[in-house]
Amino acid sequence: MADLTISKLNKEFGSFRAVDDVNITVNDGEFVFLLGPSGCGKTTTLRMIAGLEMPSSGRIEIGGRNVTFLRPRHRNVGMVFQDYGLYRHMTVFGNIAYPLQVRAMDRATITAKVGDVARTMQIEAILQKKPDQLSAGQLQRVAIARMLVRDADIFLMDEPMSHLDAQLRGQMRSELKHIQKTIGTTTIFVTHDQLEAMTMADRIIVLQEGRIAESGSHAELLARNGVYAHLYHLQFARTS
């Protein structure tokens, strides 16, 4: 586990600045959400933390280590993608085991670790199935299990529940929050869904047009009566 420090982070695509002078500190074990509409820079920021995009300028530290320009495999981060990112030709066991095989762990250790995380995610019965045989909820559980098995310093989640129906999303919100608190790994979660943020996050960072608009807990942001509170009242107050 580790903390995360992002300093003066910028990302430009030609003349367009997708991320504009972003500064974020995430404490060890904290569950932080990046919230905002499409195009606000939240996924680009997450991808720079993961090493999938290189910043135009700025600095990223994980556990006090400068990882700004390191390749993804040298950062020790686990990530769940919006499209799950599973290998269709592999079984569930193979998908979960792959990050451990790449690190040349012995088979006994891999089998034990996959078994442990499969029990946590309640997917023991589908370990020999392939992704095309699974439901959306099962695919999501497998993707999360593959992230958890890595014993990473930081977990990164890019709108992982966007393909689930409302009932499954509600169930997964509760389970993910419980798992994150149980494991205690620093987690950054990207979403455009305010309900996800308000029910799961320790702290919410609201992004607009590549910049941080405000940051705080759900209660703090409501009391501040800024961007977050405005969105909240538009989405929820009129239905209460």
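A residue counts as partly exposed when its relative accessible area lies between the buried limit of under 20% and the exposed limit of over 50%. Arg17 has a relative accessible area of 36%, so Arg17 is partly exposed. The model examined here is predicted.

Arg17 takes part in a salt bridge. Its partner is Glu12, and the closest N and O atoms of the pair are 2.5 Å apart. Glu12 has a relative accessibility of 35% and therefore also falls in the partly exposed class. Across the whole structure, a search finds 15 salt bridges.

Two further pairs were examined. Asp132 and Arg88 meet through their side chains in a salt bridge, at 3.3 Å from N to O. Arg88, at 42% relative accessibility, is partly exposed. In the other pair, the side chains of Glu124 and Arg119 form a salt bridge with an N to O distance of 3.9 Å. Glu124 is partly exposed at 45% relative accessibility. Arg119 is likewise partly exposed, at 45%.

Strand S3 presents another setting. The strand spans residues 31-35 and is mostly covered, with 5 of its 5 residues buried. Its side chains point in two directions. Phe31, Phe33 and Leu35 point one way, while Val32 and Leu34 point the other way. The residues of both groups are buried.

S3 pairs with two strands. With strand S8 (residues 186-191), the pairing is parallel and runs over 5 bridges. Within this pairing, Val32 stands opposite Ile188 of S8. With strand S9 (residues 203-208), the pairing is also parallel and runs over 4 bridges. Here Leu34 has Ile205 of S9 as its bridge partner.

The largest pocket has a volume of about 600 Å³. Its lining comprises 19 residues, of which Pro72, Arg73, Val77, Pro99 and Arg150 are the closest to the pocket centre. Three elements each supply at least two lining residues: strand S6 (77-80), helix H2 (92-102) and helix H4 (136-148). By class, the lining of the largest pocket holds 11 nonpolar, 3 polar and 5 charged residues.

The second largest pocket has a volume of about 290 Å³. It is lined by 15 residues, and the closest to its centre are Val117, Thr120, Leu148, Asp151 and Ile183. Helix H3 (107-121) and helix H5 (166-183) each contribute at least two residues to this lining. The lining of the second largest pocket divides into 8 nonpolar, 4 polar and 3 charged residues.

Definitions and conventions: Residues numbered from 1 in each chain as written. Predicted model: local features only at pLDDT ≥ 70, side-chain atom pairs only at ≥ 80, totals over all residues. Heavy atoms only, no water. Buried < 20%, exposed > 50% of the residue type's maximum accessible area, 1.4 Å probe, protein only. Pairing = 2+ DSSP bridges. 1 Å grid on protein atoms, 1.4 Å probe; cavity = no way out; pocket = protein on both sides within 12 Å on 5 of 7 lines; lining within 4 Å. Points joined across faces, edges and corners; volume = space filled by probe spheres on them. Nonpolar A, V, L, I, M, F, W, Y, C, P; charged D, E, K, R; others polar. Salt bridge = Lys/Arg side-chain N within 4 Å of Asp/Glu carboxyl O.
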